[in-house]
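Trainee: I'd like to go through this model with you and check what each label rests on. Can we start with the terms and then look at some residues?

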Amino acid sequence: MTINFFDTKYETTVDISEFGICDEESVNHSYLALDLSDKSNWIAIVKNPANLELIHTPIDKCLDLRRENGEADNKCDSMLYKQFELILFIELKKRRSSGWVSDAVKQLKATIQHFKNTHPYEYDLFIKKEAHIANFLHPKFNSFSSNVKEEFLAETGFRLFATAEIPII
């Protein structure tokens with residue numbers, strides 16, 4: 001089965017300076033929240049001061065990523081991109097318990113590997129590549145060791161961040 005990370009069926013385009021990314025059990029997949037007066041469901045806050053036109057694609061519950069043995073693979077919640085300029089994979093968490101960081105890193109790595117395998121040409125064209133872990137309950141967490149960040153970059157080609165606020169610059 002061919003996987004298309006750029007399937008327009010799930011895409012939402014946004015070009016405002018601030019919006020949220022949400023993931024609720026009652027909704028089938030991650031989605032954008034554009035109402036600045038109600039940020040109660042926001043897990044990640046995207047700051048887009050230049051009002052770039054960005055495309056959001058939900059991944060979890062939308063794309064069927066499988067391991068070679070046919071089992072379902074780990075996957076992150078969202079992809080946000082500006083065609084061939086920047087691409088971000090985002091994992092959304094609402095957990096205080098231990099292990100959420102390592103789980104998120106696994107999900108991001110698996111998703112990025114599937115992306116590289118299915119879209120190698122597009123992967124090479126993106127100039128800025130980032131992976132973000134946003135945890136509503138740990139909004140300012142960003143205490144990765146430099147080894148973790150370096151290993152992630154070497155393995156995926158993406159810079160790794162963990163903070164609820166995602167700047168688009």
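Mentor: Asp 35 sits in the loop between strand E3 (31-33) and strand E4 (44-47). As for the ground rules, this is a predicted model, where local features need pLDDT of at least 70, side-chain atom pairs count only at pLDDT 80 or more, and totals for chains, interfaces and linings use all residues. Residues are numbered from 1 along each chain as its sequence is written, and side-chain values use heavy atoms, with hydrogens and water left out.

Trainee: How many helices and strands are in the protein chain?

Mentor: The protein chain has three helices and 10 strands. Along the sequence the pattern is β-β-β-β-β-β-β-α-α-β-α-β-β.

Trainee: What makes the protein chain as compact as a globular protein of that length?

Mentor: Its radius of gyration is 15 Å, close to the 15 Å that the globule rule gives for 169 residues, so the chain is as compact as a globular protein of that length. The radius is taken over C-alpha atoms, and the rule is 2.2 Å times the number of residues to the power 0.38. Along its principal axes, the C-alpha trace spans about 45 × 35 × 35 Å.

Trainee: Why is Asp 35 called partly exposed?

Mentor: Buried means under 20% relative accessible area, exposed means over 50%, and partly exposed is in between (1.4 Å probe, protein chains only). Asp 35 has 44% relative accessibility, so it counts as partly exposed.

Trainee: And what makes the pairing of Asp 35 with Ser 37 a polar contact?

Mentor: Their side chains come to 2.5 Å. The cut-off is a pair of N or O atoms within 3.5 Å; within protein, one must be able to donate a hydrogen and the other to accept it, and residues adjacent in sequence count only if both atoms are side-chain atoms.

Trainee: Is His 56 buried or exposed, and how do you know?

Mentor: His 56 has 1% relative accessibility, so it counts as buried. It belongs to strand E5 (residues 54-58). A polar contact of 2.9 Å links its side chain to that of Ser 78. Not counting residues up to four places away in sequence, His 56 also touches others, including Tyr 10, Ile 21, Leu 32 and Met 79; contact here means heavy atoms within 4.5 Å. Across the protein chain, buried residues make up 46% of the 169.

Trainee: Why is Val 148 called partly exposed?

Mentor: Its relative accessible area is 33%, so Val 148 gets that label. Val 148 lies in helix H3 (residues 146-156). Its C-alpha is separated by 9.6 Å from that of Val 105, 43 residues apart along the chain.

Trainee: What makes phi of Asn 51 worth a look?

Mentor: Most residues other than glycine have a negative phi. Phi of Asn 51 is near 50°, a positive value in a residue other than glycine. Asn 51 is in the loop between E4 and E5, and it is partly exposed with a relative accessible area of 38%.

Trainee: Where is Phe 84 placed?

Mentor: Phe 84 is in the loop between strand E6 (78-82) and strand E7 (86-93). Its phi is near 60°, also a positive value in a residue other than glycine. With a relative accessible area of 29%, Phe 84 is partly exposed.

How values were computed. Helices (H or I, at least four residues) and strands (E, at least two) are DSSP runs, numbered from the N terminus.
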